[in-house]
Amino acid sequence: MSAVMPMENHYADSFSAVRESLPGAGLPWLDDLRAAAMDRYATIGLPTTRQEDWKYTNVRAIAKHSFQPSLAFCTGLMEDDLGDALMGDLEAHRLTFLNGRYSPQLSRPGKLPEGVEIYSISSALQDMPEVLEPLLAKQADGSANGFAALNLAFFTDGALVRLEEGARLERPIQLVYLTTAHGDPETHNLRNLIVAGAGSQATIIEHYLSIGGPVYLNNVVTEAVLSADADLEHYKLQQESLKGFHVSTLQALQARDSRLVSHSASVGASLARHDINAVLDAEGAECSLNGLYITGGRQHVDYHTRVDHKKPEGVSREYYKGVLSGKSRAVFNGKVHVHQDAQKTDAEQSNRNLLLSRDAEVDTKPELEIYADDVKCSHGATIGQLDEESVFYLRSRGIPQPVARGMLTYGFAHDIVERMGLEPVRRLIENILASKLPHVDPSGVG
C-alpha cells in the first residue's frame, strides 16, 4: 500500500469536482487525456523513496497537505508587483500568469516578428484546439510519475509558443509565473508547449516567483519540440517562497542539427525538484544543460537530468554547480544514455558542489549508459569545502575572513552564471548570489 494513499482519494475527488471547469473541457481528446492521467495517478500515486529516481527526495512534506486546485483568478496586482521578473531594462515579449491563470493586464506580448505566435494554453484550447491536439502531451504524457500525471489531469494554463520555419526572435519571450499564496494550500498546474520550426531561433525565459506566506505547490511541465536546425535557448529561474513546493519537468525532442541550451537556477522553495530530459533523435543534435542551485536553512533541491543520444554525432554538455549552507540538502542525478546507433557521440557531464556548513548534504550520481562503441564520453562529480589556503591567501592581503570566503564562493558559482547569454538574467542571478553572500560586492568580483 502506498504511504500516500489518502492523497489518491483526495485528488480523485478534486478532479470530479473541477473537471468540467478546466480549460478545454468537452474536447473529447483532452477529456480522454485528463481521465487517463487520473487513472495513471490512481495506480502510481505520488513517488516514494522506494523508487530509485526519488531515493533521496522524500515528498512526504507535500503529501501531507490537501492541496486544492486553484481556479479563482487573482486581480488587483500592478506591474511593480512582478518584482525581480522585470529585470530592470529587460526587453521581452512577456506573458504573465497569476496563480496558474493567464493575466492579460500584466502581460506585454508586444509586436511579434512574422512567423512567431504566443498564446496562453487556455485561449489556444478555446480558439484553435486542432493545433494542440497533435502536439499536447506527446513528449510528456503524464506517465513519468504522479506529479506529471496530476499536471496533465489538472493543468489550468501555461504558454504555447510557435515558431514557423525560419522565424527568428531578437527579443526573448518571458513567461512569468507569480503565485500570490493565501488561505488554504493551493496547487497550480502549469503546462507549456514550445514548437520550434526548422531553422528557427528563440530565447525563452520561465520565471517563477511568489508573494505571500502560506504553503502552495507549483507543478509544471514544459514540452519542447525542435525541428531540424532549430536553435532554442531556455532559461528556468525558480525564485519562490521558502514555504512553497516546486516540481517541474522540461521534456525536449530534438531533430537533426538542432541546438538546445538550458539554463536553470534554483534558489527558492522549501522543496524543489527539476527533471530535465533531452532526446537527441537525429544526427548532429546538440544540447547544453547548465544549472546552479543555492540552498540554505532546511531547503531541499533535486536535479534529475537525462540525455538520450539516439542518433550519430550528437553532442551534449552538462555543467551543474551547487552551493549549500545550513542544514540544506541537494541531489544531482544525471544520466547520459548512448543508444546503439549513436556512434560518434560526444558527451560530457560535470557536477560540483560546495558545502558551506557541516550539516549541509549532497547526493550526486552522474551516470553513463553506453551501447555504441565509437564515442567520447566523460563524467565527474565533486563535493568539497572552501580551500582554506585560498582563504588564508586573501586574508594575508588584508581581506577580512567573511569577505574572503564570500569572494571564493561567489567565484565558484559564477562560472555557471557566465554561461548565461542574457545580461539581465546574469545580473539578476549575480544580485541573488550577492544577497546570499552579503560581504561580497558583485561589481568588484568575477
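Tyr 320 counts as buried, because its relative accessibility is 1% (buried means under 20% relative accessible area, exposed over 50%, partly exposed in between, with a 1.4 Å probe and protein chains only). The model is predicted: local features need pLDDT of at least 70, side-chain atom pairs count only at pLDDT 80 or more, and totals for chains, interfaces and linings use all residues. Residues are numbered from 1 along each chain as its sequence is written, and side-chain values use heavy atoms, without hydrogens and water.

Start with the rings around Tyr 320. The rings of Tyr 320 and Phe 332 have centres 5.1 Å apart and planes at 40°, so this pair is tilted. (Rings of Phe, Tyr and Trp, the last by its six-membered ring, pair if their centres lie within 6.5 Å; planes under 30 degrees apart count as stacked, over 60 as edge-to-face and the rest as tilted.) Tyr 320 lies in strand 16 and Phe 332 in strand 17 (residues 329–338), so the pair ties together parts twelve residues apart in sequence. Strands are DSSP runs (E, at least two residues), numbered from the N terminus. Phe 332 is buried too, at 1% relative accessible area.

The whole structure holds eleven aromatic pairs. One of them joins Tyr 303 and Tyr 320: tilted, 5.4 Å centre to centre, 55° between the planes. Tyr 303 lies in strand 15 (residues 300–309) and Tyr 320 in strand 16 (residues 315–324), so this pair links parts 17 residues apart in sequence. Tyr 303 is buried, at 0% relative accessibility.

Elsewhere, Tyr 11, Phe 15, Tyr 41 and Phe 154 form one aromatic cluster.

Terms used:
Helix = DSSP H or I, 4+ residues; strand = E, 2+ residues; numbered from the N terminus.
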